[in-house]
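Please keep the sequence and the structure in view while reading.

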Amino acid sequence: WLWLFSDDDIAAPTCVQVFLDALARDKNPSDLWRFDLEFIDESGEVTHTCAPHPLSETAAELLENVLVPRGRDWRAPDHIFSRRVYETFGGFEDFPNAIFSDTVTWIKFSALSGVKTLRGPKLSWRFSGSNTTSHSFKRQRHIAKPLFMFHRWIAEFAQTLPPDRQEHLRELRREQFMDWLSKKPIPPAGLIDALDVANALWPERKVSNAVRLLRGEVRAAAWRFPLARRFQAWRLKRATQAAPAA
């Protein structure tokens with residue numbers, strides 16, 4: 001069994017024992033196990049407790065919930081996996097800066113026997129502000145390319161599913177992609193990749209896809225400049241004052 005553990009994260013004292021107990025009583029153990037997750041800050045204080053995972057999931061169920069998590073979350077050190085599944089799939093998926101590598105790998109590793117949850121102790125994942133997923137403009141630009149690669153990987157994975165499941169997955173991808181565009185900037189070099197993903201999700205709206213992405217990038221870039229931020233704030237205030245009372 002392999003457990004990749006970050007040097008600044010914390011496992012509850014009973015994590016190892018709970019895992020060993022689960023293996024001892026499970027007649028059909030999964031190749032992939034996980035703990036419920038909480039976030040801590042630089043000083044170790046809990047800042048957020050994620051919604052608990054179900055006791056088990058298939059690979060398709062896991063992917064659907066990753067796209068629209070509803071309060072759940074996934075990282076690398078909250079998972080334990082078998083050497084067998086690691087060697088079967090040739091290790092971890094290779095994404096730039098390892099962003100989405102663990103997520104895709106957990107979906108792959110759960111293809112043979114699903115994923116099971118080790119209920120009880122939690123894994124404390126440290127969000128220090130210096131992580132590659134921290135919310136600065138510069139780092140979000142680095143995350144964009146792996147996101148588009150992630151969507152292409154999902155498109156290939158979806159071909160192994162029944163047609164009704166593929167359509168459901170497409171709807172979840174649309175929701176996830178639009179949520180991303182509403183919150184995060186796309187680097188100019190990534191606009192073509194973003195457009196490819198958008199056209200795959202909405203093939204009937206190619207022109208409007210391009211317009212939407214360009215407008216979003218202009219808005220994101222404008223917010224980097226103080227004068228543009230003041231102008232947008234003025235427009236918002238003016239629109240609020242002009243709105244009729246309810």
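## Nonpolar cores

A nonpolar core is here a set of buried Ala, Val, Leu, Ile, Met, Phe, Trp, Tyr and Cys residues joined through side-chain atoms within 4.5 Å, where buried means under 20% relative accessible area. The structure is a predicted model. In it, the largest such core has 42 residues, and those with the most contacts inside it are Leu63, Leu67, Phe148, Phe150 and Phe177. Two or more residues each are given to this core by α2 (59-67), α4 (101-109), α5 (137-158), α6 (163-183) and α7 (191-201), and the largest share, nine residues, comes from α5.

Phe150 illustrates how such a residue is surrounded: once neighbours within four places in sequence are set aside, Phe150 is in contact with Leu63, Val66, Leu67, Phe95, Phe100, Thr103 and Val104. A second, separate core has 13 residues, including Ala22, Phe39, Leu118 and Leu123.

In helix α1, which spans residues 15-25, the buried residues are Cys15, Val18, Phe19 and Ala22. These residues lie on the same side of α1, because they cover an arc of only 100° around the axis. An α-helix has 3.6 residues a turn, so residues three or four places apart point the same way.

The cover over the buried residues of α1 includes β1 (10-11), β2 (32-40), β5 (79-81) and β6 (115-126). On the face of α1 turned away from the buried side, by contrast, are the exposed residues Ala24 and Arg25.

How many of the nine residues of α4 are buried? Nine of the nine are, so α4 is largely enclosed by the rest of the structure.

Asp102, which lies in helix α4, is buried yet has no salt bridge, and the nearest side chain of opposite charge, that of Arg75, is 6.3 Å away. For a salt bridge, a side-chain nitrogen of Lys or Arg would have to be within 4 Å of a carboxyl oxygen. Leaving out residues up to four places away in sequence, Asp102 touches Arg75, Ala76 and Phe92.

Glu64 is found in helix α2 and counts as buried because its relative accessibility is 12%. Not counting residues up to four places away in sequence, Glu64 touches Arg165, His168, Leu169 and Leu172.

## Aromatic pairs

Across the whole structure, a search finds 17 aromatic pairs. One of them joins Phe81 and Trp106, whose ring centres are 5.7 Å apart and whose planes meet at 45°, so the pair is tilted. This pair links distant parts of the chain, with Phe81 in strand β5 and Trp106 in helix α4, 25 residues apart. Phe81 counts as buried at 1% relative accessibility, and Trp106 is buried with a relative accessible area of 2%. Phe81 and Trp106 also belong to one aromatic cluster with Tyr86, Phe89, Phe92 and Phe109.

The pair formed by Trp153 and Phe157 is stacked, at 5.4 Å centre to centre and with 15° between the planes. Because Trp153 and Phe157 are four residues apart in helix α5, about one helical turn separates them. Both of these residues are buried.

Terms used:
Residues are numbered from 1 along each chain as its sequence is written. This is a predicted model: local features need pLDDT of at least 70, side-chain atom pairs count only at pLDDT 80 or more; totals for chains, interfaces and linings use all residues. Side-chain values use heavy atoms; hydrogens and water are left out. Buried means under 20% relative accessible area, exposed over 50%, partly exposed in between (1.4 Å probe, protein chains only). The arc is that of the directions from the helix axis to the C-beta atoms. Contact means heavy atoms within 4.5 Å. Lys and Arg count as positive and Asp and Glu as negative; His and the chain ends are not counted. Rings of Phe, Tyr and Trp (its six-membered ring) pair if their centres lie within 6.5 Å; planes under 30 degrees apart count as stacked, over 60 as edge-to-face and the rest as tilted.
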